[in-house]
Amino acid sequence: MKQNNLKGWLYLLPAIAFLGLFMVYPLVDVLVYSFEEGYNFASQTDMGTGLYNYSYVLHDPYFMQAVKNTFILVIITVPLSTGFALVISLALSSIKKLRDAFQTIYFLPYVTNTLAVGLVFMVLFKRTDYTEGMVNLLINWFGGESVDFIDGPYWAKMFVMCFYTIWVVLPFKILILTSALASVNPDYYKVAQVDATPRWRVFTRITLPMISPMLFYLIITGFIGAFKAYSDEVALFGTNLNAAGMNTIVGYVYDMLYGDSGGYPSYAAAAALILFAIVLTITVINLLVSNRRVKI
Amino acid sequence: MKVVLDHLTKRFPNRNRKIKTEVVAVDDFTFEIPDGKLVGLLGPSGCGKSTTLNLICGLEKPTSGRIYFGDDDVTNLPPELRGVGMVFQNYALYPHLTVLENILFPLENLKGDKRLSKEAMRSRALEAAHLVQIDALLERRPAQMSGGQQQRVAIARALVKMPRVLLLDEPLSNLDARLRLQTREEIRRIQRETGITTVFVTHDQEEAMSISDVIVVMEKGVLQQIGKPQSVYDDPTNLFVAKFLGTPPIDVFNGEIRGGLLYLGKDAVLPVAGYREGKVTVGIRPEGFVPDEKGPLCCRLVGVEVMGRDTSVVAAHPALTTNTMRAIVDTDSGVDPNALEVRFSLKSRKVCLFDAETGARLYAPTV
Ligand SMILES: Nc1ncnc2c1ncn2[C@@H]1O[C@H](COP(=O)(O)OP(=O)(O)O)[C@@H](O)[C@H]1O
Ligand SMILES: [Mg+2]
């Protein structure tokens, strides 16, 4: 028995060593950094420990802007993208002809390079010397004023950011939900039909509960993904996100480390831990709600 | 409610899209299900039983033909307007709802003047639960119940809206042997108590024979025979029905009629007056053999199995279409298990003659 235990640990050793070196150690290190004032990489020195880093970050207007941006992004994109995905999946699973074709079309953005998608968004939204951009042309056509979506007002930039995020996460959610819908035993729908169940009731009392585990999976991973948003913002607004007022929490962490104003690992660590606390709280709330709601 | 199927046909496009020919799942069915009876729809798997049931319930539309409930033509009515209750093979209980919620579900769908008050719904659901004897399980979820209990819930859910017709698609096939016996009695009892016209689909002939008022035997989409279980067993219209009913199955011989006598190989076993001379297929029920030292049918003895009340004699004969045959005889009929040979005389009531080519029953000429 003891021998076996030892063997087991031996087998696990490479994985543990790897995880320890590249996951646990850095995590602990970040925690340590976040409490060390003015830590300097080069000289490996600090000026004492305390909560100063947290206080600095929480009083930094750029950080507060990033938090605000991130929260707006999360609150708008997670419900909307999940909702759209559900509607599209329902439509997809109710058609018979051309379903495969539509499924491919909806899945294309997932396998398309982010930069290519970014380019498409440029064509849609960016004003250049030659054109106002597709969306503006549309707005003009309906008699509206052009809006600068990339360098213009905050709401316009936020709109583009949310639009882009929803666009990017939609295919995966559609994929998951169409397969969840397809895995519901058709006999349930037959029984429901024989029992004269109205369509809306079939949806709320049968379909939704049956796919609820997948739905909650998507919501939880959606929250986490949206809180970690960064690269999409860079693709849209360039690297100087603070100037554009479009920074996110992860973006702030990156800037503190490597950006033009960078070189502050302590602040970065503190910001990262604040993000961690937020994501943890939201996920725990999500799990608590889903444990109560998801019954199968 | 009497159910009438009138020249009902259902063709499906082939599931394999490369094959252009259609599958005829139900081929020109005409029969009547009498009001308040339990009808067993019996046939091997893939013969179109489920399709027939789906046609009656409205989940499938017939290619041609009509369906009547009583005097109403329901052919073009969708299932929700037909007033049928259906129980599926896998029960299809909603897993996230409790037993009570499952049973209430159909009632909550009722609209207009059919809609009941909350208390009335509840008492109807409790009544249905009581009928199938699951009163104690109302707060459970399907996953917390045995197959037999789930089965009862499914029946209660189908009965609660008081359907005109109750349809059961292989309701017992997911249960173990003992539970199957028990549950089929239960279904019989519930059907008697409610008097609802019931169609019960099964591929198990014993099950169909034991609980049905009327059995309908079908094969490859074609109706073979309809009648009381005993009369279908005693009087099969063709070789398929004869072989399909009965355990142990009927023993089949290649026979010949010569000079008014039925020959099995060299043995002249029965006088058969009035039939056309020539080759016939002969089916003999296992209980039609009587051990008799002077009997005309001489078989090689393979084995004797004593099964309590009866004895099963396994024997071989050159005219058999199978390797061995089985005769069920009285235990005290004195077959010596060590003998090499066993001789039988035959009960003529248990012998059926069939056309050697088509398998159609050959009947004794009526005088
Ligand atoms: N939706 C369908 N599409 C194509 N063929 C079908 C369909 N449903 C049933 N069939 C075919 O019809 C025949 C009868 O099927 P079914 O009624 O399910 O048989 P049973 O219930 O007696 O086992 C089978 O050959 C089956 O393959
Ligand atoms: Mg079937």
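## From a loop to a sheet and a helix

Guide: B:Gln133 sits in the loop of chain B that runs between α3 (118–131) and α4 (147–159). The model is a predicted one. The backbone of B:Gln133 has a positive phi of about 60°, although this residue is not a glycine. B:Gln133 is partly exposed, its relative accessible area being 48%.

Another loop of chain B, between β9 (214–219) and β10 (222–227), holds B:Lys220. B:Lys220 is a residue other than glycine, and its phi is positive, near 50°. With a relative accessibility of 64%, B:Lys220 counts as exposed, the cut-off for that word being over 50%.

A further loop of chain B lies between α8 (239–244) and β11, and B:Pro248 is found there. The peptide bond that leads from B:Thr247 to B:Pro248 is cis, with omega near -10°.

β11 of chain B belongs to an open sheet of six strands, in the order β13-β12-β11-β14-β20-β21, with antiparallel pairing. The edges are taken by β13 (267–271) and β21 (361–362) of chain B; each has a single partner strand, so one side of each is left without a neighbour in the sheet. Strands of a sheet pair through backbone hydrogen bonds, in either a parallel or an antiparallel way. Within this sheet, β11 (residues 251–258) and β14 (residues 278–284) of chain B are joined in the antiparallel sense by seven bridges. B:Asn254 has B:Thr281 of β14(B) opposite it.

Helix α5 of chain A covers residues 114–125, twelve residues in total, and spans 16 Å from its first C-alpha to its last, close to the expected 16 Å. Its buried residues are A:Val117, A:Gly118, A:Phe121 and A:Phe125. These four lie on the same side of α5(A), because they cover an arc of only 100° around the axis. An α-helix has 3.6 residues a turn, so residues three or four places apart point the same way. The buried residues of α5(A) pack against α6 (134–141), α7 (154–182) and α10 (231–237) of chain A. On the face turned away from that buried side, α5(A) carries A:Leu115, A:Leu119 and A:Val123, which are exposed.

Methods
Residues numbered from 1 in each chain as written. Chains lettered and ligands numbered in written order. Predicted model: local features only at pLDDT ≥ 70, side-chain atom pairs only at ≥ 80, totals over all residues. Heavy atoms only, no water. Pairing = 2+ DSSP bridges. Helix = DSSP H or I, 4+ residues; strand = E, 2+ residues; numbered from the N terminus. Expected span 1.5 Å × (residues − 1). Buried < 20%, exposed > 50% of the residue type's maximum accessible area, 1.4 Å probe, protein only. Arc of directions from axis to C-beta. Contact = heavy atoms within 4.5 Å.
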